[in-house]
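Thank you for letting me take a few minutes of the meeting. Please have the sequence and the structure open while I talk, and follow along as I go.

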Amino acid sequence: MSNDIIKVTVECAPNIALIKYWGKSDEDLILPLNGSISITLDTSVLRTRTTLTLSRTGKQLTEVYLSLNGVVEEFDDSSSSSKEKSVGSDSDGKVNKKRFFRMLERARASSQLDDPFAFNRIDIVSDNDFPLACGLASSASGFACLALCMASAFRCDRNKLDATELARLGSGSACRSCLGGFVKWSSGDERSSLATQLFGADHWPELNILAVVFQEHRKKVSSTAGMKETVRTSELLGRRVELVEQERLGQMETYLRERDFVNFAKLTMKDSNTFHAVCMDTYPPLFYLNDYSKQLIGLVNEFNRLSVNDDDLSIKVAYSFDAGPNAFLFVLDKNLNELLYLINTIYFRSSKDFASKFVLKSKSS
């Protein structure tokens, strides 16, 4: 690396919200109406890899070149200041340009480089090994990578800028993907709404996460657009925010600390249900779940009901759905094989189909 080029590569995994955030108190700063708790997955299974290169060009204008999964994306002038331009091919709107330049401005302001504005060409190459915008938290891992790359490349002063704050400016849940294990993102103001690790990835080794992908194409209503409509129209949202802030965050932290699977499972499913109830209370309603999602919910409930005489109080598996139809299942080691056999028998005609579509996920370190 010469003095004229700085290059950084980072990998991050998606995170799965156990207690979900939905709705912002500030759209520009991406401040959540309520806090959230999540678990970060393993980069060996699901991951985004991003390489950011800063170059001195001697020009006054900032140029940004972005390649996402091999497709060149364009930042247009309407998303940036009048002194910034971007070059590329046609964009389909997958990247929020306004947020990107807000992150860039914040990183430069906290930079310890002699002249961060001298590096006015920025090349970003990013790729995912899983589908985008279908409820698998691709924006979280993507903006987490970008934030960590920026913080490192610009040598940001950690006393002035927390990397999770920078990630939050790109995508709210991205702040949680900056950290491994079990992570809490707090509500608050611009400087206090940060992500912190509650417990490391090895805190609960018996806990497994399974992902069931029913739909790989993009959802019709993005999370950003959906949240705005919910905040504007839902009468149930305020009650959910109150419930999360006053009860559920503390309860979930306790259940995780004690590795109390029964109560963890119940709360995870209840929070997923109330999240989607709020989406349904939005006008027009937001239908993120599909018929396959509902069938899986029924399967999980029946699987748990048939275990009523067991010592684990009938809770063997829990489900959670983000803003999409794809499911995440939580199960302990002792019940994993039974669950895998059941789903393989019901959903898949061959073991080959099963292996390619139903993949075991673990927590990241």
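Let me begin with a definition: a residue is called buried when its relative accessible area is under 20%, exposed when that area is over 50%, and partly exposed in between, using a 1.4 Å probe and protein chains only. This is a predicted model, in which local features need pLDDT of at least 70 and side-chain atom pairs count only at pLDDT 80 or more, while totals for chains, interfaces and linings use all residues. Residues are numbered from 1 along each chain as its sequence is written, and side-chain values use heavy atoms, with hydrogens and water left out.

With that in mind, Arg155 counts as partly exposed, at 43% relative accessibility. Arg155 sits in the loop between helix 2 and helix 3 (163–170), where helices are DSSP runs of H or I with at least four residues, strands are runs of E with at least two, and both are numbered from the N terminus. Its phi is near 50 degrees, which is a positive value in a residue other than glycine.

Asn69, in the loop between strand 7 (63–68) and strand 8 (71–73), also has a positive phi, near 55 degrees, and is partly exposed at 33%.
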